[in-house]
Amino acid sequence: MLVKSDFDNYIDGVVKICRKKDKLSDFGARQNIGTMEDLEVIKKLNYQEMLKRVQDITFAQQEQFELSMKIKVRKVKNITSQNVVVIGNQMHSIKYIDSDKKNLYLYLQGERELGIK
């Protein structure tokens with residue numbers, strides 16, 4: 001007999017939740033993120049990639065973003081849509097955050113591949 005665990009499995013890898021560093025160009029404009037050195041890692045979490053349901057894709061279209069990935073992480077404080085996430089060397093913006101008692105569901109839009117410095 002199988003018993004469902006009270007713990008969720010976050011088996012697909014590690015996601016870095018990051019804050020963009022304030023790097024300004026010579027004329028005062030914020031510089032684009034190009035490498036991990038342009039980001040400050042605030043949390044590292046294991047994640048599980050979720051299926052993109054039809055209603056998730058429809059929601060993303062209504063909110064005018066392209067849902068490239070939906071992931072589940074354990075519920076922690078201080079993660080906002082102002083943060084970005086890095087999986088491997090791919091940076092994603094957080095477009096929407098949903099939650100339940102134990103998890104955060106991050107709706108991600110792929111931004112760019114980060115270079116190595």
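I started with Asn 83, which counts as buried because its relative accessible area is 7% (buried is under 20%, exposed over 50%, partly exposed in between, with a 1.4 Å probe and protein chains only). Before going on, I noted that this is a predicted model, where local features need pLDDT of at least 70, side-chain atom pairs count only at pLDDT 80 or more, and totals for chains, interfaces and linings use all residues. Numbering runs from 1 along each chain as its sequence is written, and side-chain values use heavy atoms, with hydrogens and water left out.

**Entry 1: Asn 83**

Where does Asn 83 sit? I found Asn 83 in the loop between E3 and E4 (strands, E, are DSSP runs of at least two residues and helices, H or I, of at least four, numbered from the N terminus). I then looked up its polar contacts (N or O atoms within 3.5 Å; within protein, one must be able to donate a hydrogen and the other to accept it, and residues adjacent in sequence count only if both atoms are side-chain atoms). The side chain of Asn 83 reaches the backbone oxygen of Cys 18 at 3.5 Å. A polar atom of that side chain also lies 2.8 Å from the backbone nitrogen of Thr 80. For contacts (heavy atoms within 4.5 Å), I set aside neighbours within four places in sequence and got Ile 17, Cys 18, Arg 19, Ile 42, Asn 78 and Ile 94 for Asn 83.

**Entry 2: the barrel**

Next I traced the strands. Six of them form a closed barrel in the order E1-E2-E3-E6-E5-E4, with antiparallel pairing (two strands pair if DSSP finds at least two bridges between them). The twist from one strand to the next averages 45 degrees (axes are lines fitted to C-alpha atoms, for helices over the stretch in contact, and angles run from 0 to 180 degrees between N-to-C directions).

How many bridges join E5 and E6? I get nine, in the antiparallel sense, and Met 91 stands opposite Arg 112 in E6. E4 pairs antiparallel with E1 over three bridges and with E5 over four. In these pairings Cys 18 stands opposite Val 84 in E4, and Val 84 stands opposite Ser 93 in E5. The hairpin of E4 and E5 has two residues between the strands, and there Gly 88 takes a positive phi near 65 degrees.

I also checked which way the E4 side chains go. Val 84 and Val 86 point one way and Val 85 and Ile 87 the other, and all are buried. That made me recall the general rule: in a regular strand the side chains alternate between the two faces of the sheet.

**Entry 3: two cores**

I looked for nonpolar cores (buried Ala, Val, Leu, Ile, Met, Phe, Trp, Tyr and Cys residues joined through side-chain atoms within 4.5 Å). The largest has 15 residues, of which Val 15, Ile 71, Val 73, Ile 79, Leu 106 and Leu 108 touch the most other members. E1 (13–20), E2, E3 (69–74), E4 (84–87) and E6 each supply at least two residues of this core. Apart from this core lies another, of seven residues, among them Cys 18, Leu 39, Val 84 and Val 86.

Leu 39 is placed in E2 (residues 39–50), and counts as buried because its relative accessibility is 5%. Beyond four places in sequence, its contacts include Cys 18, Ile 33, Val 84, Val 86, Met 91 and Leu 114. Its C-alpha atom is 9.8 Å from that of Val 85, 46 residues apart along the chain.

**Entry 4: rings**

Last, I counted four aromatic pairs (rings of Phe, Tyr and Trp, the latter by its six-membered ring, with centres within 6.5 Å; planes under 30 degrees apart are stacked, over 60 edge-to-face, the rest tilted). Phe 59 and Phe 65 have ring centres 6.4 Å apart and planes at 80 degrees, so I logged the pair as edge-to-face. Phe 59 is partly exposed at 23% relative accessibility, while Phe 65 is buried at 9%.

Tyr 96 and Tyr 107 are edge-to-face too, with centres 5.2 Å apart and planes at 75 degrees. This pair links distant parts of the chain, with Tyr 96 in E5 (residues 90–99) and Tyr 107 in E6 (residues 103–113), eleven residues apart. Tyr 96 is partly exposed at 33%, and Tyr 107 is buried at 4%. Which residues do the ring pairs link into a cluster? I have Phe 59, Phe 65, Tyr 96 and Tyr 107.
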